[in-house]
Amino acid sequence: MFSLVLVGGATGLLWALPLPTYDDVPAAEVTVEASAERIERGRQLVADACAVCHSSAEDPHLTGRVLREAPDDWGTIVAPNLTGHRDSGIMDVSDGALIRALRTGIGSDGRFLVPYMPRYPRMSDEDLASIIAFLRSDDPWVLAAAVEPKGSAPSLWAKARSRLTWRPRELPAGPISAPPAGDALALGAYLVEDVLQCNLCHGSTVEMIALERPTEDEDFLSGGIAMTDHNGEPLYGANLTFDAVSGIGEWTLDEFIAAMRDGVRPDGTRLRWPMRRYLGLGDDELAAIYAYLSNVPHVARDVPARSVYPLPGHRLDRGPHLFVKHECFSCHGDKTPHGILRAAAEHFATDEAVAEFLRDPSAVRPGTQMPAYDEVIDDADRVALGAYVRSMATARHHDD
């Protein structure tokens, strides 16, 4: 009986406690010098490493969001506002505190941010400075916005892990340089392991977050981590090793680049959310990632299939059929006829305007994560899909 009371008391204490704080790791007194080159490089790095969590599919502004794809075990995870707003954003957070947060995972208030945010202990000093220079710039993505997402609500499991197994990273003991020019494998390792941190979604389990280096995972990049889509249904990180059956061993370099940049698989289907398009990566960087992945140990690991959504008949419900067939709900919400749809649909005055947007969204919104559907959905079907999208937006107004 006493042991049960003791366990219950410990559990209650964990629920009451916030994530641990580390006041003994001071933020350096440093000011990052901005330059046009740094801001441009920072924009690329933020687009590829930060925006996936701090912006939404339809809005590139770094105002934060609820990470619906995060594993249920973590509780409610919210990425904060990174714009230059004084109260809601990071205007009053020093450069040294930002560096500490990015390097170690310790927030500006000393609180541990994991599992909310990757840590970048091995990112080069120059790349880190570039990110901060961009966050301090007047780029539209980071202009002050008074948007303050609700705070995260970590689960008991996350609180326990943050006190027992997950720890902040050490601040580097000395300078960190980028990989040498011309070394494709080193560049690929740097991008996959240290910048993009692909194993956070494509590793074997969420426990891998505790590893000092991601390659300590025996099933490195073999997929299987359970996440959820916007409808709460399970989905799983894909196998990125070059296993010919369960991985990407049959993909050519050109096919890999098309998947990473355009979101298109070799079979012509679109990659599913939360996988994003890496528009900022150059051909040399994508080739380096491909070369690196080809040298990662091949793992024969069949990732569970995601939930199958009922596909409405094309003749009876053309719009809903297309919405489900092309997995629009992955980014835009509920698949049901009167479910939740992003307010972006309301910006289009006609069905034809939606259809034209779908042809090539990047022509209207440069930098958007949304892929082009010009060669995927024909003109008539794009209009039908546009009609359905607009009807859902209208239905949402009525529900509100």
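## Cavity

On a 1 Å grid over the protein atoms alone, a cavity is a set of points where a 1.4 Å probe fits but cannot get out. Grid points are joined across faces, edges and corners, and a volume is the space filled by probe spheres set on the points. By this rule, the count is one cavity of 30 Å³ or more, and the largest cavity has a volume of about 30 Å³.

The structure is a predicted model, in which local features need pLDDT of at least 70 and side-chain atom pairs count only at pLDDT 80 or more, while totals for chains, interfaces and linings use all residues. Residues are numbered from 1 along each chain as its sequence is written, and side-chain values use heavy atoms, with hydrogens and water left out.

## Lining of the cavity

Lining residues have an atom within 4 Å of a point. For the largest cavity they are Arg41, Gln44, Leu45, Asp48, Leu191, Val195, Leu196, Leu281 and Glu285. Helix 2 (36-54) and helix 6 (184-195) each supply at least two residues of this lining, helices being DSSP runs (H or I, at least four residues) numbered from the N terminus. Helix 2 gives the most, with four residues.

The lining divides into five nonpolar, one polar and three charged residues. Here Ala, Val, Leu, Ile, Met, Phe, Trp, Tyr, Cys and Pro count as nonpolar, Asp, Glu, Lys and Arg as charged, and the others, Gly among them, as polar.

## His54 in helix 2

Helix 2 also contains His54. At 10% relative accessibility, His54 counts as buried, a term for under 20% relative accessible area (1.4 Å probe, protein chains only). Leaving aside neighbours within four places in sequence, His54 is in contact (heavy atoms within 4.5 Å) with His61, Leu62, Thr63, Gly64, Ala79, Pro80 and Leu82.

## Packing of helices 8 and 9

Helix 8 (residues 253-262) and helix 9 (residues 283-295) pack at an angle of about 115 degrees, with their axes 10 Å apart. Axes are lines fitted to C-alpha atoms over the stretch in contact, and angles run from 0 to 180 degrees between N-to-C directions.

Helix 8 contributes Leu253, Phe256, Ile257, Met260 and Arg261 to the contact, and helix 9 contributes Asp283, Leu286, Ala287, Ile289, Tyr290 and Leu293. These residues comprise nine nonpolar, no polar and two charged.

## Helix 10

Helix 10 (residues 318-325) is largely enclosed by the rest of the structure, because six of its eight residues are buried. The buried residues are Gly319, Pro320, His321, Leu322, Phe323 and Val324. After helix 10 comes Glu327, with a positive phi near 55 degrees.

Conventions. 1 Å grid on protein atoms, 1.4 Å probe; cavity = no way out; pocket = protein on both sides within 12 Å on 5 of 7 lines; lining within 4 Å. Buried < 20%, exposed > 50% of the residue type's maximum accessible area, 1.4 Å probe, protein only.
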